Amino acid sequence: MSQMPQQAAVSKCPSCEEPLESGDRFCGACGYDLSAVPARPDDSPTIALNGAVPPPSSAPDGVDWPVARDSDGFGRPAPVHAAAEVPGTDSGGSPLPPHPPAAPPMPSAAPPMPPGTPPVPRTAPGPAAPGVRFDHPAGPEQEPVHGPETGREDGREPDAYPREPDAYPREPDEYPLQAPDPRSAAAPPAPAAPPASEKVCVACRAGRVDDDGYCENCGHAQPRERDHMEQESGPVAAVSDRGLRHHRNEDAFSVGCTALPDGAPASVAIVCDGVSSATRPDDASLAASRAAGESLLAALPRGTHPQQAMHDAILAASHAVNALAEEPETAREQAPHQNAPACTLVGAVVTAGLLVVGWVGDSRVYWVPADRSAPPARLTEDDSWAAQMVAAGLMSEAEAYADERAHAITGWLGADAYELEPHTASFKPDRPGVVVVCTDGLWNYAESAEEMAEAVPLDAAARPLHSARVLVGHALDGGGHDNVTVALVPFPAPPQGAGSA
């Protein structure tokens, strides 16, 4: 059907409101296709069903109603006018109060382009506000597209044609991260400290150590309790260290003070060295040192002679080690290669005027006088291959201890010992000094009495714990190839209550 009759009835362009001449098929200003103008309906509905209300043929109410636009040129209804654009009165006939002026446009918005201006190319949005990030870039569905006559919400001219949505979502070049929450960026609260009765991790100093020896907070493996031990009992002190080469400490010690029946003080020190080639050497040394120490501290107050008490203490230690070998038959069947636990023992008892030593194995006792001008002495003889070669006159001491069999022991405590022969000796020093009771982990680095006296600090009698630490450090500085244990006992035994400074 021809559109000419409808064209003659249109006096203004529906798009740009420019006046038209009769017979125009296109608007001379904006190029609008006048053939697309729909026919004017015969009725004048008062309720808009499609968003456009055609102007009535007359104005019976005397109001100059603006002409509504039927379409935007793309088949979509033109937007209706806002209520503020139409004057009106209230129910009493008085003019309505003026509406507040519209907010001025944002400074960043460009002024609307005049009709006919070519579309401005679409550009990427500028950077977001400082300190703000978005998880996803704006997609096509987030940016409205308007017709050429309505303009964009940001004041820029839109594209000439609406953009079709992509068939597949486009992947952004990069995924910016969400800005961190300042509350979560704060440092996490420190774990609560465990109760004072529980063991604290040596690494983080905050976590509790569980039963298997690991920190529940940081997972750090804890050092074994016996890797380094220190104890001070009155004037007696002892220190034991794992050393630098062994994976565990197989040494043990026991120190204590008591009184004789007449009230005279007595000091006790026991040092044991586990035999590494035996089964459970650490258990053997611990059992022997505890048994011998308890035996001495119980026998001396009863009036037992210190030398006899030392002999009995060695026997008690031997029984304690032998008991470790009493395993069930099934255990021996599953591990027939295991041998009995074994260890060596050396000890000293110091009273007001007597020094008693006892030993089995190659641990030693040294006497170091307070007056270093007096000669020191070694008070024990090793139960070792080297000592037997020297005693038999087959080798010199230097030759014997240079042999690889030098430290093979010939006497020890254990169920597989050939014959237990406790060695005891009594001395009555004529001057004050200090008694050094140690394992071969120390005397290997100070073998002679002179070397040991040189390593012992001058104030050892007054500061036994400090001096024991110095001697352990001497062995570690020398290489620390073995476990190191040393006990220092001042002579004569000081009165009860006196200790190291």
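Colleague: Aspartate 383 is buried yet has no salt bridge, and which side chain of opposite charge is nearest?
Modeller: This is a predicted model, where local features need pLDDT of at least 70 and side-chain atom pairs count only at pLDDT 80 or more, while totals for chains, interfaces and linings use all residues. Residues are numbered from 1 along each chain as its sequence is written, and side-chain values use heavy atoms, with hydrogens and water left out. Buried means under 20% relative accessible area, exposed over 50% and partly exposed in between (1.4 Å probe, protein chains only); a salt bridge needs a side-chain nitrogen of Lys or Arg within 4 Å of a carboxyl oxygen of Asp or Glu. With Lys and Arg counted as positive, Asp and Glu as negative, and His and the chain ends not counted, the nearest opposite charge to aspartate 383 is 10 Å away, on arginine 378.

Colleague: Which side chain does the side chain of aspartate 383 make a polar contact with?
Modeller: Aspartate 383 sits in the loop between β8 (377-378) and α6 (385-391), those elements being DSSP runs numbered from the N terminus (helices H or I, at least four residues; strands E, at least two). Beyond its neighbours within four places in sequence, aspartate 383 has contacts that include Trp359, Asp362 and Thr410, a contact being heavy atoms within 4.5 Å. A polar contact is an N or O pair within 3.5 Å; within protein, one atom must be able to donate a hydrogen and the other to accept it, and residues adjacent in sequence count only if both atoms are side-chain atoms. At 3.1 Å, the partner is histidine 423.

Colleague: And which residue forms a salt bridge with arginine 378?
Modeller: Arginine 378 is partly exposed, at 25% relative accessible area. Its closest N and O atoms to the partner are 3.3 Å apart, and that partner is glutamate 381.

Colleague: How many salt bridges does the structure hold?
Modeller: Side chains of opposite charge can pair when their charged atoms come close. One example joins arginine 208 to glutamate 216 at 2.3 Å, N to O, and another network of them links Arg248, Glu250 and Asp282. For the whole structure, the count is eleven.

Colleague: Phi of arginine 280 is positive in a residue other than glycine, and what is its value?
Modeller: Arginine 280 lies in the loop between β4 and α3. It is partly exposed, at 31% relative accessibility, and it bridges to aspartate 283 with closest N and O atoms 3.0 Å apart. Its phi is near 50°.

Colleague: Within what arc do the buried residues of α10 fall?
Modeller: Helix α10 (residues 464-478) reaches 21 Å from its first C-alpha to its last, close to the expected 21 Å, which is 1.5 Å times one less than its number of residues. Its buried residues include Pro464, Leu471 and Ala475, and among the elements covering them are β1 (228-233), β11 (433-438) and β12 (484-491). Taking directions from the helix axis to the C-beta atoms, the buried residues line one face of α10, so they fall within 165°.

Colleague: How far does helix α4 reach from its first C-alpha to its last?
Modeller: Helix α4 (residues 306-323) has 18 residues, with Met310, Ile314 and Val321 among the buried ones. Those buried residues pack against elements including α3 (281-299) and β5 (342-350).

Colleague: Which residue is joined to phenylalanine 491 by a cis peptide bond?
Modeller: Omega is about -5° at that bond.
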